[in-house]
Amino acid sequence: MTLPKIPRIAYGGDYNPEQWDEEVWRQDHAAFELANIDLLTVGAFSWSLTQPAEDRYDFSVLDAVLDLAAEEGRRICLATGTAGVPPWLARKYPDVCRTDFEGRRHVFGQRHNACPSSPNFRRLAVALAGALAERYAEHPAVVAWHIGNEYGGACYCELCAEEFRTWLRARYGTLDELNRAWYATFWSHRFTEWAEIVPPNALSEHWRGPDHTAFQGITVDYLRFNSDNLLRTYREEKDAIRAHSQLPATSNFMGAYKPVDYHRWAPHLDFASWDNYPPDEHSAPRMAFQHALLRGLKDGQPFWLMEQAPSATATRDVNPVKRPGVMRLWSWQAVAHGAEFVGFFQMRRSRGACEKEFGSVLDHAGRTDTRTFREVAALGAEFDAVGNALLGARTPARVALLFDWDSWWARELTDGHSRHLRYLDVALAHHRALWDAGAQVDVVPVTARLEGYDVVVVPTLEMAKGDIAERLEAVARRGGSVVITAMSGRVDEDVLAFRADPPGPFADLAGVRVAETDARFPGELNPVTLAAAGSECATSGEHVFELLEAAGADVVGTYGSDFYAGTPAVTRNHVGEGEVWYIGTALDGAGLDWVHRGVLARHDLLGPYADHPGLEYAVRTVGDRRFEFLLNHSGEAVEVPAASAGTVLVTGDRVEGGQLLQLPPTGVLVLEVERVPGPGPK
Amino acid sequence: MTLPKIPRIAYGGDYNPEQWDEEVWRQDHAAFELANIDLLTVGAFSWSLTQPAEDRYDFSVLDAVLDLAAEEGRRICLATGTAGVPPWLARKYPDVCRTDFEGRRHVFGQRHNACPSSPNFRRLAVALAGALAERYAEHPAVVAWHIGNEYGGACYCELCAEEFRTWLRARYGTLDELNRAWYATFWSHRFTEWAEIVPPNALSEHWRGPDHTAFQGITVDYLRFNSDNLLRTYREEKDAIRAHSQLPATSNFMGAYKPVDYHRWAPHLDFASWDNYPPDEHSAPRMAFQHALLRGLKDGQPFWLMEQAPSATATRDVNPVKRPGVMRLWSWQAVAHGAEFVGFFQMRRSRGACEKEFGSVLDHAGRTDTRTFREVAALGAEFDAVGNALLGARTPARVALLFDWDSWWARELTDGHSRHLRYLDVALAHHRALWDAGAQVDVVPVTARLEGYDVVVVPTLEMAKGDIAERLEAVARRGGSVVITAMSGRVDEDVLAFRADPPGPFADLAGVRVAETDARFPGELNPVTLAAAGSECATSGEHVFELLEAAGADVVGTYGSDFYAGTPAVTRNHVGEGEVWYIGTALDGAGLDWVHRGVLARHDLLGPYADHPGLEYAVRTVGDRRFEFLLNHSGEAVEVPAASAGTVLVTGDRVEGGQLLQLPPTGVLVLEVERVPGPGPK
Amino acid sequence: MTLPKIPRIAYGGDYNPEQWDEEVWRQDHAAFELANIDLLTVGAFSWSLTQPAEDRYDFSVLDAVLDLAAEEGRRICLATGTAGVPPWLARKYPDVCRTDFEGRRHVFGQRHNACPSSPNFRRLAVALAGALAERYAEHPAVVAWHIGNEYGGACYCELCAEEFRTWLRARYGTLDELNRAWYATFWSHRFTEWAEIVPPNALSEHWRGPDHTAFQGITVDYLRFNSDNLLRTYREEKDAIRAHSQLPATSNFMGAYKPVDYHRWAPHLDFASWDNYPPDEHSAPRMAFQHALLRGLKDGQPFWLMEQAPSATATRDVNPVKRPGVMRLWSWQAVAHGAEFVGFFQMRRSRGACEKEFGSVLDHAGRTDTRTFREVAALGAEFDAVGNALLGARTPARVALLFDWDSWWARELTDGHSRHLRYLDVALAHHRALWDAGAQVDVVPVTARLEGYDVVVVPTLEMAKGDIAERLEAVARRGGSVVITAMSGRVDEDVLAFRADPPGPFADLAGVRVAETDARFPGELNPVTLAAAGSECATSGEHVFELLEAAGADVVGTYGSDFYAGTPAVTRNHVGEGEVWYIGTALDGAGLDWVHRGVLARHDLLGPYADHPGLEYAVRTVGDRRFEFLLNHSGEAVEVPAASAGTVLVTGDRVEGGQLLQLPPTGVLVLEVERVPGPGPK
């Protein structure tokens, strides 16, 4: 199974014509025509429309929507529509509704509201998915299946408790093994019957909300179970589709979304897709990180950007419009990292409910003379001009950053040290330094093959699972660089501390022992002086301060204050031909730049525009062709000499090496590079 | 039906002698005598006293209290006492207790604790009101009925759910119509049975509390329903009273209190009354606004100030005492805006429970030599000296400010743009500018007759209902001025966006189109330059920034920064003989001053003391008599030339026009103006 | 009954070997040997281990643990293990689980999770305690019983409601008396059946959490009841132990822990013990206060420090390690205030659950070459060198500070004035001033005998109970000094305001009347000028400002601003031979220093090192021996001339009077003073 078949970068987005009279539909398609929109995702919340009662389907609206799309020459990504249950279902089968973290059974409302253990939900969702697949498998417009929507949240009902027990039996086999893994001698928790086990929530192990649990092991297991339990509902729908259709299926993910372990889901997607709603206007590196994370789900395969806002969102307290050029810039960034579809939420703005002010391609008045529509249409023309050039391309990354949901959960559930050391913050900070330096980076699971990478960055890998230490050692032994950061190697797969000094399984590799772990309040910095090979950097650490004893490693950085002033903060160990860095505190940006640029330089992986802050450099290759993207996020006009000669995509302009390139604010330049023999920029 | 019959400004307040031995009562009346206190509100929480069991009333304490009042020559406003249910009622009929927003059925406690749908509560409350009316209808002390107390809050129980469905059937008739109004195609919400409908709360449509709902339409309807449902309990008690007594009835409101739509209640009150507990010491314009709002409930008729604190309150985290003179100043302000009764909460301080430290006329020791008592007594003497001069007066307002609960709810439930643009803040900001300029302002519902106004201010009227656009146009056509502000005209009565550019029905009137709505974080200002007729003002906007396209209107103000620098922020359209302003952002105070003073000047409505900040100017007229109030809220002594000649109330001093008036801090001066032929100050 | 028999200051702490393989136990004891650790507290959470089912005990692990301890020559404080119920118990008898403040019945999880009213919990906890006592009463290692653990929290279930009613019947006898005490005429609360009474929580009298109640009387009674109800479970277990063993019993308290009134518990402990987890690194005076509070529970008898962290804790958002020397300094501080056991939590760090990063004597790797272990071992050697010198000593305090849970509850439940005037803050502020001045202070209940004290400090005693005013007057009449502060004497034992001006029963004693109580926001200070006997102090007050009228007292301090500028803020009344101070606001530190140093000087109670900030001075006497402790909390090296001649404990060095003593940061010096005839330093 692979990506849907499309002739060029697909363009469009969520389309909910059922919210409007049919007279509007023709206007929609006329507007789509103006904007080169060729792909629509349909039906995400159509259950109450398509199944008005348990014993009755009504496909008339969907038929009309799809037929019109086919007639107009547009493709459809068809949703199963199960992300919001219909009112009759919630009333008829209350077990369909979720019980929340506070232990309260919800009644009908909102969306993403089904208990994944509910047999009634599962039975009827599967039936609906099957019915849709049966009806539309051969429809000429349909190119892909969209199962559910933004899976997430959790349920804590009695059915989930029972499913959790089943999941635990499968994982642990015996209560003795479970008691061992959960450290049940603590606080009188030895379980003597499976039925004694209850979900960890506000009525059992938690206080102060989801991050504070008496038993990290129980809560991490529930997070794993819940992710698997949601995945089961996805898989059941997918199986129902497969009985009728072999078209590729996906579900739209949410980037680095904590409650669901996308790495456990990835094998069950035919292709990855996600919804990009960055928190603010300064999220360029964060988005790049998430694109790389999504790309990493399917081993580097291109993905779909299922949703982004054409302009403002509506879900935040403050929702600015996207400034002129920003939507285009971010859309090209998605393509630069592997997107083959650029989708908007949504095509026409709802008149009612909570998304009625959510930015859209067509506003309430349906105008095509708005700034947003003009920008959408202009970008559509660009994608049309590009044709199929970028389809099937890959990012030639030599740098991997390990990302791990288990470590995320373990880190942020841990009592002790500092709760301000947040997993995603650390991962983003390291990625930002690499991104700024123009490195091509993959974000991959700890189980990923590391053979293809020169540099592997391991931010705060609290949980050391399986053979990861051995595989990192192999990277170093063959000459690679490994960078490990504070609070790594603390616990095993059961969230049990190793009976060894931190960083546990990474201690020999890094050549350090953590003797103590100090913590200070946010803003209480400790100066760190870094020095190596004639280069120095005065930087600082925050939050946690591991007191390191070098056991083989060279000291590269030392703390500047407190009772451990002068002791190691950053070390580098020589392992085989390679180097293993260990960073014992949350270094600030300057420190991370210094470390990572040094590491990248060792492997000749610094990007050609690394000295231009905010000028993103991304590379895609397909067959013999190589495309270099320059994306100006800096907010100012940039002038840089071209690092390569080649041809500008869309315009066809010729660029010579060294020729000054002009990029206005939000400017984008995609250069198809002329390949020359011999080593060139990576 | 009209106001209670009183011979002068009535003076007194809440009196709960049942909390004390009878020996204390005589002391109380002796103190009342010292302070010219002539009216007491009695029995607000007396249910458990007067009805110790379902089958038994005990009126002995009330009899004694009322008889003593009559004997002492004081009037009584008698409460039905149903605002707090007795313990036996909560235990015998658990349906009497409310279910809260979190879905939790409460048990006995606090007050305002009855479910308005509970048949047992309704039956017994009505019986009690009837029994009281029967017993005391002819009592010589009783002059008015006080039904319930500070109606508010909401219930979400199954009885309320059923009543909600009944209310919806009456409103929508069919589920098709309800599905249309609620935009139920969104998120799979098409209802197929009335029974599927549940109240919107934390277990259904809401997250992050009452302001975040998936369906604005559902939540606004529940707010309307809940307000109506509470109103029904008031009406049922009133009907029971009417069977025995024709004395006027009221219930004490809470100013701009969001959960209850007082405009829907107003027809059912004989006269309006309210409790004034401003949030801080700088609330003079806010109190003026609320007085005007209350006055607007009954078409300008005088109202009662049922409660205010003689000194400190006890309900806040910090409760300062009222500084010397402040209680008198604020009391006169109430009279200046239409109060015919000035009441305190309370006459003698409780010894126990949560109001035991609430400021009172008599403290725990019952002393009359306290500062508070002395100030109370001095004011009583002033009111006594005034006699009946101000009874039945009116505020000759030529300016109306529209206030609308539906828009309040819609605005603050909306997802999108900025949640920091709060409805009441905007209304208060505009009112403050008018108040500072000395304009006499009515605060009226959108259904009010506008014929009598020269200026109509329309702050953030998110919901445009009925013929309001046409009636505003009529104001302009006959030469008036209309001021409309950002986020107006967004939705119809069903909280559905108009299929048109904002400001929707006001677009033609204002001569503008809102092309986009930007939002920025609090404190991120955009400079706005206003200029008209040789006057300029450098000001700024905040929160939301509508990108306006003038379609007929003149540009009066432009944004100074961001990508829309130089585009219109404020416009003025010529309509007939009049002018329609449109303000596309939340202008700061200086900007609002500039706009409103310009508008007022056009109609010669600037007050004579507009250049003295903090010196409030209020006018009351009755028959041929005109009273001008000067209230010094500035915190400093003020010296101003008198704008009119006349006689000072209370002292009888003569003032010539132009004579310097001295007002110390907290000073009050009431001038009965000598009427001269020809046009004078408005 | 008295303290456990030990030959020297005992040393050790919580030991949970059941969490580890037996191979580790021998390593543990080898490490204990290195550190002179001789006492282990065992079994605090062993219920699920020792009773795997209702009908079966399994003491095999405890047998082995205790036998090994005996064999290794260590003492055991044996816990009943009932602070965490086993899973089977929660499942079999759901009434065992608590119902929380929100009204939610919990299921199994965490610890301190048993409803104290549950008959099943009580029956089985008592049986377990009895079985343990029967089995181990004569075990050679066991020296004391440890019942439960850190009793706390509250339950609001129906069983507790019924027990509450029973408790109320015993307290009030009749509903009339209860209605009077609860001021039930307020808000329609007259109860007519006992069954109408429900616990005060979020479903009844409370809003905004536990501090906001409609009825202070109901909530204070529930706090009293809950404390008594928990105490009953302790007493039942103790009775079960007594059937088999006469060894002393305790439970570990938590210092100034608000939910449990330790003064009501104290008679039922054989000796007091507590867990010291200060909130930050600057808690030296706070810890001294809590040591004195614990000492005061048993009339000055020594106590045990049951738990402290060897280094970092794990329960906070940020958990710094203890700096070098700090653990030693704080341990000696405990001894200086009366500890005869210094215990750590815990001996070896857990591998799993929420305490796995909690600092411990032995870390996960079990190393003895860590800084923490080295410091622990060094201190053990010191205690070993001291031998039995300090056992049975007393603090010769001439200053008493009254502490009262009822006033704490009443103060922080009160609506009105300022919620920012927190009871414990005030008590700590006064104690800090006394501590800084080197006074020896007892913290005692209001019922304590005051005959032995020269100075009695009464911080914010909101509730004046019994004959406390008379007994304070007696202190003054015989020449003593009494210091009373703002918000004292407001309510009686029923939380009913006195029918008199504040400070109620203290008014005559203090010679003042509080005419009004102003409040301002935190940070809004009012300058206060203090002057007496040629000494002046410019200081300030915060939060509350009582407007005092001197009625016999001298004015010592006056307010500097607001409308009461120049009026009294601090007074001093001459009563008999003594003086009674009244402080009408929350004075800042400088003001409290001025007041308390003046008072202490009058009685010659200033410590000899009072001019060295952060240098704590503590005295212990036993028989003829007198020990003076110097504890350097200042963070800097200190050099002071010795006030007394004597011999340094541990080193045996001789010190002459006036000889310069050198104390490094965290330095400790214990001097056995040479007794000379005649008056010496107190």
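Where in chain C is the place of C:Trp187? In this predicted model, C:Trp187 sits in the loop between α7 (175–182) and α8 (216–242) of chain C. Its backbone deserves a remark: phi of C:Trp187 is near 45°, a positive value in a residue other than glycine. With a relative accessibility of 7%, below the 20% limit, C:Trp187 counts as buried.

I shall begin with the arrangement of the chains. Chain B superposes on chain A through a rotation of 120° with 0.0 Å of shift along its axis, at an RMSD of 0.1 Å. The two copies are therefore related as by a three-fold rotation axis. Within chain B, the C-alpha nearest this axis belongs to B:Arg104, at 5.5 Å.

Let me turn to the interface of chain B and chain A. Here 56 residues of chain B are in contact with 50 residues of chain A. The area buried between the two chains is about 4,700 Å², and carbon and sulfur atoms give 52% of it. Which three residues supply more than any other three of the area that chain B buries against chain A? They are B:Tyr183, B:Trp187 and B:Arg499, which together supply 17% of that area.

Nine salt bridges are found across the interface of chain B and chain A. A:Asp317 and B:Arg208 meet through their side chains in a salt bridge, at 3.3 Å from N to O. Strand β14 (residues 512–519) of chain B contributes five residues, the largest share of the side of chain B that touches chain A. By class, that side has 23 nonpolar, 15 polar and 18 charged residues.

C:Asn319 is found in the loop between β8 (303–308) and α11 (326–337) of chain C. At 0% relative accessibility, C:Asn319 counts as buried. Its side chain reaches the backbone nitrogen of C:Ala314 at 3.5 Å. Leaving aside neighbours within four places in sequence, C:Asn319 is in contact with A:Gly416, A:His417 and A:Ala519 from chain A, and with C:Ala312, C:Thr313 and C:Ala314 from chain C.

I now come to charge pairs in the structure as a whole. Side chains of opposite charge can pair when their charged atoms come close. How many salt bridges does the structure hold over all chains? The total is 186.

In the first, A:Arg74 forms a salt bridge with A:Glu72, with the closest N and O atoms 3.9 Å apart. A:Arg74 counts as buried at 4% relative accessibility, whereas A:Glu72, at 26%, counts as partly exposed.

In the second, the side chains of B:Arg135 and B:Asp63 meet at 2.7 Å, N to O. This pair links distant parts of the chain, 72 residues apart: B:Arg135 lies in helix α5 (residues 119–136) and B:Asp63 in helix α3 (residues 60–72) of chain B. B:Arg135 is partly exposed, at 44% relative accessibility.

In the third, B:Arg224 and B:Asp221 form a salt bridge at 3.0 Å, N to O. Both lie in helix α8 (residues 216–242) of chain B, three residues apart, about one turn of the helix. B:Arg224 and B:Asp221 are both buried. In chain A, A:Asp221 and A:Arg224 belong to a network of salt bridges that also includes A:Arg171, A:Asp404, A:Asp406 and A:Lys465.

Finally, some further remarks on the backbone. A:Phe345 and A:Gln346 are joined by a cis peptide bond, with omega about -5°. A:Gln346 is found in the loop between β9 (339–344) and α12 (371–386) of chain A. Another cis peptide bond joins C:Pro502 and C:Pro503, where omega is about 0°. C:Pro503 lies in the loop between β13 (481–485) and α16 (507–510) of chain C. C:Val650, although not a glycine, has a positive phi of about 75°. C:Val650 belongs to the loop between β24 (646–648) and β25 (654–655) of chain C, and its relative accessible area of 39% makes it partly exposed.

How values were computed:
Residues numbered from 1 in each chain as written. Chains lettered and ligands numbered in written order. Predicted model: local features only at pLDDT ≥ 70, side-chain atom pairs only at ≥ 80, totals over all residues. Heavy atoms only, no water. Contact = heavy atoms within 4.5 Å. Buried area = accessible area lost by both parts, 1.4 Å probe. Salt bridge = Lys/Arg side-chain N within 4 Å of Asp/Glu carboxyl O. Helix = DSSP H or I, 4+ residues; strand = E, 2+ residues; numbered from the N terminus. Nonpolar A, V, L, I, M, F, W, Y, C, P; charged D, E, K, R; others polar. Buried < 20%, exposed > 50% of the residue type's maximum accessible area, 1.4 Å probe, protein only. Polar contact = N/O pair within 3.5 Å; in protein donor to acceptor, adjacent residues only side chain to side chain. Least-squares fit on C-alpha atoms with pLDDT ≥ 70 in both.
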